[in-house]
Amino acid sequence: ASKATLKADREHLRIVIINLVENAIKYSSRPEVHISTAETLSHLRITVKDNGQGIPEKDIDKIFRKFYRVVQDNVFPSKGFGIGLSFVKQIIAAHHGNLSVESVEALGSKFIVEIPY
């Protein structure tokens, strides 16, 4: 996005980006994180894509719930409390935006943030 201007809370959007990037790093053994922006007619789109472990299909619809954590082999694969993605979702909703995820287990995830201009 070359000239997108938003009326938004800078610190909260910073938290969104930091959380998504930290998760991408945390859930990757050899992290590669790609951040891109794009402009649509009505939204700024920010995409954070990683090469991490991905999210099991059965958990995709639950990861934005407060305190929800993905369990693998009856163990939590990383530290955390399960509030980061819930908080990110709330911040985006407060900006009248949308947060979605595309993920393939063992291949990585792509989080897409869309915020209206």
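His-12 lies in helix H1. Keep in mind that this is a predicted model. His-12 is partly exposed, because its relative accessible area is 31% and that class runs between 20% and 50%. What does His-12 touch, leaving aside neighbours within four places in sequence? Phe-87, Ile-91 and His-95.

Now the helix itself. H1 covers residues 10-26, so 17 residues. At 1.5 Å a residue it should span 24 Å. The end C-alpha atoms are 24 Å apart, which agrees. At the N-terminal end, Asp-9 is the cap. One of its side-chain oxygens sits 3.1 Å from the backbone nitrogen of Glu-11.

Which residues of H1 are buried? Leu-13, Val-16, Asn-19, Leu-20, Val-21, Asn-23 and Ala-24. A reminder on the geometry: an α-helix has 3.6 residues a turn, so residues three or four places apart point the same way. The cover over the buried residues of H1 includes strands S1 (33-39), S2 (43-50) and S4 (108-116), plus helix H2 (84-94).

On to strand S4. Glu-114 belongs to this strand. Is Glu-114 buried or exposed? Buried, because its relative accessibility is 19% and the cut-off is under 20%. Its side chain makes a polar contact with the side chain of Arg-45, at 2.7 Å. Beyond four places in sequence, Glu-114 touches His-43, Leu-44, Arg-45, Ile-92, Gly-97 and Asn-98.

Last, a distance back to where we started. His-12 and Ile-115 are 103 residues apart along the chain. Their C-alpha atoms are separated by 13 Å.

Definitions and conventions:
Residues numbered from 1 in each chain as written. Predicted model: local features only at pLDDT ≥ 70, side-chain atom pairs only at ≥ 80, totals over all residues. Heavy atoms only, no water. Helix = DSSP H or I, 4+ residues; strand = E, 2+ residues; numbered from the N terminus. Expected span 1.5 Å × (residues − 1). Buried < 20%, exposed > 50% of the residue type's maximum accessible area, 1.4 Å probe, protein only. Contact = heavy atoms within 4.5 Å. Polar contact = N/O pair within 3.5 Å; in protein donor to acceptor, adjacent residues only side chain to side chain.
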